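Welcome! Let's walk through this structure together with a few questions and answers.

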Amino acid sequence: MDRWSGKVAIVTGGYEGIGGATVKKLVSHGMKVVGCARNEEKLKQLASEINGKGQGEMFPFKCDVTDESNVLEMFKFVKEKFGAVHLLVNNAGIAFDSPISSGDSQKWKRILDTNVLGLSICSREAVQLMRETGVDDGHIVNINSVAGHRVVDKPMYAASKFAVTALTEGLRKELRSANTHIRTTSISPGYVKTEIFHKIYPDDTERVEKLLKSVKCLEGEDIADAVLYVVSAPAHVDINEIIIRPVEQAL
């Protein structure tokens with residue numbers, strides 16, 4: 001990770017779970033990390049916990065990735081303050097228990113706006129800023145899901161994650177055609193012990209607790225370690241996809 005010290009990263013959904021763990025680890029390796037999310041208070045709380053303990057630093061930025069104007073403002077901030085971006089971790093994501101046969105179309109829209117369009121807009125802006133500022137060794141890491149490789153339930157969520165799989169590979173091919181060395185990676189976790197399950201089933205705590213106890217779940221730190229692994233690869237190595245499941249998870 002030595003080459004990343006002093007470089008600039010953006011982590012969306014960057015205050016809890018996978019995002020929060022990733023911010024902490026990148027800062028610990030000397031990076032300047034813009035952690036963005038809708039909850040500015042929690043971003044600032046995380047920054048107060050980790051800043052001043054090492055060479056790196058977290059910069060909280062309130063941003064809703066479903067609002068393109070927010071995303072553009074964030075990248076403007078990054079360009080003006082740091083001059084460049086070197087790493088983007090698209091972690092922001094949302095899921096609902098909203099079936100195709102009876103679901104709420106507004107919930108479907110939120111899934112697609114966050115997981116697909118938000119990720120795409122952030123990726124576009126990151127690539128353009130990298131190329132504009134001569135960053136030819138940048139990296140875009142998309143936090144995907146095992147649901148992006150097989151449909152078990154929640155088909156709209158799965159559709160959004162299948163899209164992430166396609167977008168990651170599509171961007172890789174675009175970058176190769178453009179003769180850049182910017183790399184792309186999709187990291188697809190299985191069950192991770194985060195707040196997303198409580199958000200999917202907000203009125204069924206018993207179901208969530210039963211699910212989380214059914215296997216020894218991954219932790220946010222496990223996925224953050226995978227992020228470090230892929231961005232630490234030698235310059236000639238392009239790790240495109242990682243699937244990580246708990247040992248006890250059958251699906």
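Q: In which helix do Lys109 and Asp113 both lie?
A: This is a predicted model, where local features need pLDDT of at least 70 and side-chain atom pairs count only at pLDDT 80 or more, while totals for chains, interfaces and linings use all residues. Residues are numbered from 1 along each chain as its sequence is written, and side-chain values use heavy atoms, with hydrogens and water left out. Helices are DSSP runs of H or I with at least four residues, strands are E runs of at least two, and both are numbered from the N terminus. Lys109 and Asp113 sit four residues apart, about one turn, and the element that holds both is helix α4 (residues 105-132).

Q: What do the side chains of Lys109 and Asp113 meet in?
A: Side chains of opposite charge can pair when their charged atoms come close. Here the N to O distance is 2.7 Å. The cut-off is a side-chain nitrogen of Lys or Arg within 4 Å of a carboxyl oxygen of Asp or Glu, so Lys109 and Asp113 meet in a salt bridge.

Q: Is Asp113 buried or exposed?
A: Buried means under 20% relative accessible area, exposed over 50%, and partly exposed in between (1.4 Å probe, protein chains only). Lys109, at 45%, counts as partly exposed. Asp113 has a relative accessible area of 18%, so Asp113 is buried.

Q: How many residues apart are Arg172 and Glu169 in helix α5?
A: The side chains of Arg172 and Glu169 form a salt bridge, at 2.8 Å from N to O. Glu169 is partly exposed, with 29% relative accessibility. Both residues belong to helix α5 (residues 155-177), with about one helical turn between them, so their spacing is three residues.

Q: How far apart in sequence are the parts that Asp238 and Arg176 tie together?
A: Asp238 forms a salt bridge with Arg176, their closest N and O atoms being 3.4 Å apart. Asp238 lies in the loop between α8 (220-231) and β7 (241-244), whereas Arg176 is in helix α5, so the pair ties together parts separated by 62 residues.

Q: Which residues do salt bridges that share partners join into one network?
A: A search of the whole structure finds 10 salt bridges. Salt bridges that share partners make one network of Glu68, Arg124 and Glu125.
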